[in-house]
Amino acid sequence: MRADLTLMALARESNRYLLTRLIAKATRKLHRPKTRLQDTMTDACERFGGTKPRATRRAAEAASSSRDRAA
């Protein structure tokens with residue numbers, strides 16, 4: 001169900017307003033003619049639910065940049 005996908009995406013992005021905007025943008029970019037808009041929206045939710053959390057990505061980027069500076 002899309003509600004489960006939304007909850008998974010909320011675990012990745014805690015700001016609901018930002019999540020809604022991101023899914024709307026992704027839906028507009030991913031949508032193909034002659035397909036259901038609901039299917040495209042579900043696909044966008046699945047993609048956001050399957051990515052790494054933003055905080056984890058930032059921590060990983062910070063760690064890699066500090067390693068680069070030390071070298």
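Arginine 47 and aspartate 43 form a salt bridge, with 3.3 Å between the closest N and O atoms. A salt bridge here is a side-chain nitrogen of Lys or Arg within 4 Å of a carboxyl oxygen of Asp or Glu. In general, side chains of opposite charge can pair when their charged atoms come close. Arginine 47 and aspartate 43 are about one helical turn from each other, because they stand four residues apart in helix H3.

Before I go on, some housekeeping. This is a predicted model, in which local features need pLDDT of at least 70 and side-chain atom pairs count only at pLDDT 80 or more, while totals for chains, interfaces and linings use all residues. Residues are numbered from 1 along each chain as its sequence is written, and side-chain values use heavy atoms, leaving out hydrogens and water.

Now the overall fold. Helices (H or I, at least four residues) and strands (E, at least two) are DSSP runs, numbered from the N terminus.

How much of the chain is buried? Of its 71 residues, 17% are buried. Buried means under 20% relative accessible area, exposed means over 50%, and partly exposed is in between (1.4 Å probe, protein chains only). The chain exposes about 5,700 Å², of which carbon and sulfur atoms supply 55%. Those areas come from the Shrake-Rupley method with a 1.4 Å probe; for residues, only the protein chains shown count as cover.

Back to the salt bridges. The structure has two of them. In the one I opened with, arginine 47 is partly exposed at 48% relative accessible area, and aspartate 43 is partly exposed at 24%. The other joins aspartate 39 to arginine 36, where the closest N and O atoms are also 3.3 Å apart. Aspartate 39 is partly exposed at 43%, whereas arginine 36 is exposed at 52%.

Next, threonine 40. Is threonine 40 buried or exposed? Its relative accessibility is 8%, so threonine 40 counts as buried. Threonine 40 lies in helix H3, residues 37-49. Apart from neighbours within four places in sequence, threonine 40 is in contact (heavy atoms within 4.5 Å) with Thr27, Leu30, His31 and Thr35.

For the chain as a whole, consider contacts between residues at least 6 apart in sequence: 53% of these join residues at least 24 apart. There is also a pair to look at by C-alpha position. Leucine 7 and glycine 49 are 42 residues apart along the chain, and their C-alpha atoms are separated by 8.1 Å. Leucine 7 belongs to helix H1, residues 2-12, and is exposed at 57%.

Then the surface charge. Which residues gather in a patch of positive charge? They are Arg21, Lys25, Arg28 and Lys29. Such a patch takes residues with over 30% relative accessible area and no salt bridge, like charges being joined within 9 Å. Lys and Arg count as positive, and the charge is placed at NZ of Lys or CZ of Arg. Lysine 25 lies in helix H2, residues 16-30, and is partly exposed at 42%.

Last, lysine 34. Lysine 34 sits in the loop between H2 and H3 and is exposed at 87% relative accessibility. Its phi is positive, about 65 degrees, although lysine 34 is not a glycine.

Methods:
Patch = residues over 30% accessible without salt bridge, like charges linked within 9 Å, V, L, I, M, F, W, Y side chains within 5 Å.
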